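Me: I'm new to this one and would like to learn how to read it. Could you walk me through it step by step?

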Amino acid sequence: MLFGLSSCQGDETISATGVTWVLESLNGVAFTASANLTFPEEGEIAGEAPCNAYFGAQTAPYPWFALEDFGSTKMACADMDQESAFFTALAAMTIAEVAGDTLILTNDEGGEMVFKGD
């Protein structure tokens, strides 16, 4: 069940809520760098990866997830390996599930990203 993500009638996408979703774990392992995502407007995704800000489109109807038109700033930092893992995983996710303050993105290959809302 999707709660808290949309108050619009008939909206079948994850849309703007003002919630910042902070990545807690990636594929079952605690994510030690800082990364988050938001849905600033219907069909949009944005956030902060360990080194760079990013943005893109997410227009698949809930519960599906499809990252499109992805872009980011291009600054280097000590957490580039974790940033690469974050971006690779995010691009591979295909299903979204929201329960309370938890957002879980998964795919058919067993990938999983667990976020907590703040």
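Reply: Let's start with a term: a residue is buried if its relative accessible area is under 20%, exposed if over 50%, and partly exposed in between, using a 1.4 Å probe and protein chains only. Phe 87, for example, is buried, with a relative accessible area of 16%. This is a predicted model, where local features need pLDDT of at least 70, side-chain atom pairs count only at pLDDT 80 or more, and totals for chains, interfaces and linings use all residues. Residues are numbered from 1 along each chain as its sequence is written, and side-chain values use heavy atoms, with hydrogens and water left out.

Me: What percentage of the protein's residues count as buried?

Reply: Of its 118 residues, 42% do.

Me: How many helices and strands are there, and in what order do they run?

Reply: Helices (H or I, at least four residues) and strands (E, at least two) are DSSP runs, numbered from the N terminus. Here you get one helix and nine strands, in the order β-β-β-β-β-β-α-β-β-β from the N terminus on.

Me: How many aromatic pairs does the whole structure have?

Reply: Rings of Phe, Tyr and Trp (its six-membered ring) pair if their centres lie within 6.5 Å; planes under 30 degrees apart count as stacked, over 60 as edge-to-face and the rest as tilted. The search finds six pairs. One of them is Tyr 54 with Phe 87, edge-to-face at 5.7 Å centre to centre and 80° between the planes. Tyr 54 lies in β5 (residues 53-58) and Phe 87 in α1 (residues 80-92), so this pair ties together parts 33 residues apart in sequence.

Me: Is Ser 72 buried or exposed, and what is it in contact with?

Reply: Ser 72, in β6 (residues 67-72), counts as buried because its relative accessibility is 17%. Contact means heavy atoms within 4.5 Å. Leaving aside neighbours within four places in sequence, Ser 72 is in contact with Asn 52, Ala 53, Tyr 54, Phe 55 and Phe 87.
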